[in-house]
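Okay, thanks for coming, everyone.

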Amino acid sequence: MLFALWLLQEAPEIPAADNTNTVRIIAGVLALVCVVVIVMRRKKKASKEDWS
């Protein structure tokens with residue numbers, strides 16, 4: 001625990017990320033979630049059709 005605190009104190013000061021990077025990261029994560037949801041729904045629909 002003390003070692004982790006020491007590393008945090010000794011780490012160089014990281015400049016604050018500008019707002020555009022945060023927006024890009026959030027948009028990328030949301031896009032990935034949308035793709036996963038679409039693929040899962042298609043697989044579910046395809047599996048139902050196979051049993052009919």
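So, which residues gather in a patch of positive charge on the surface? Before I answer, bear in mind that this is a predicted model. The patch is made up of Arg41, Arg42, Lys44, Lys45 and Lys48. Take Arg42 from that group: you'll find Arg42 in helix H2. Arg42 has a relative accessibility of 65%, and the cut-off for exposed is over 50%, so Arg42 counts as exposed.

Now for the other patch I wanted to show you. Ile25, Val29, Val33 and Val37 make a nonpolar patch on the surface. Together, those four have about 340 Å² of accessible area. Val29 is one of them, and Val29 also sits in helix H2, which covers residues 19-51.

Let's step back to the chain as a whole. We've got two helices here and zero strands. And how many of the 52 residues count as buried? The figure is 0%. As for the surface, the chain exposes about 5,500 Å², and 69% of that comes from carbon and sulfur atoms.

Key: Residues are numbered from 1 along each chain as its sequence is written. This is a predicted model: local features need pLDDT of at least 70, side-chain atom pairs count only at pLDDT 80 or more; totals for chains, interfaces and linings use all residues. Side-chain values use heavy atoms; hydrogens and water are left out. Patches are made of residues with over 30% relative accessible area and no salt bridge: like charges are joined within 9 Å, nonpolar side chains (Val, Leu, Ile, Met, Phe, Trp, Tyr) within 5 Å. Accessible areas come from the Shrake-Rupley method with a 1.4 Å probe; for residues, only the protein chains shown count as cover. A salt bridge is a side-chain nitrogen of Lys or Arg within 4 Å of a carboxyl oxygen of Asp or Glu. Helices (H or I, at least four residues) and strands (E, at least two) are DSSP runs, numbered from the N terminus. Lys and Arg count as positive and Asp and Glu as negative; His and the chain ends are not counted. The place of a charge is taken as NZ of Lys, CZ of Arg, CG of Asp or CD of Glu. Buried means under 20% relative accessible area, exposed over 50%, partly exposed in between (1.4 Å probe, protein chains only).
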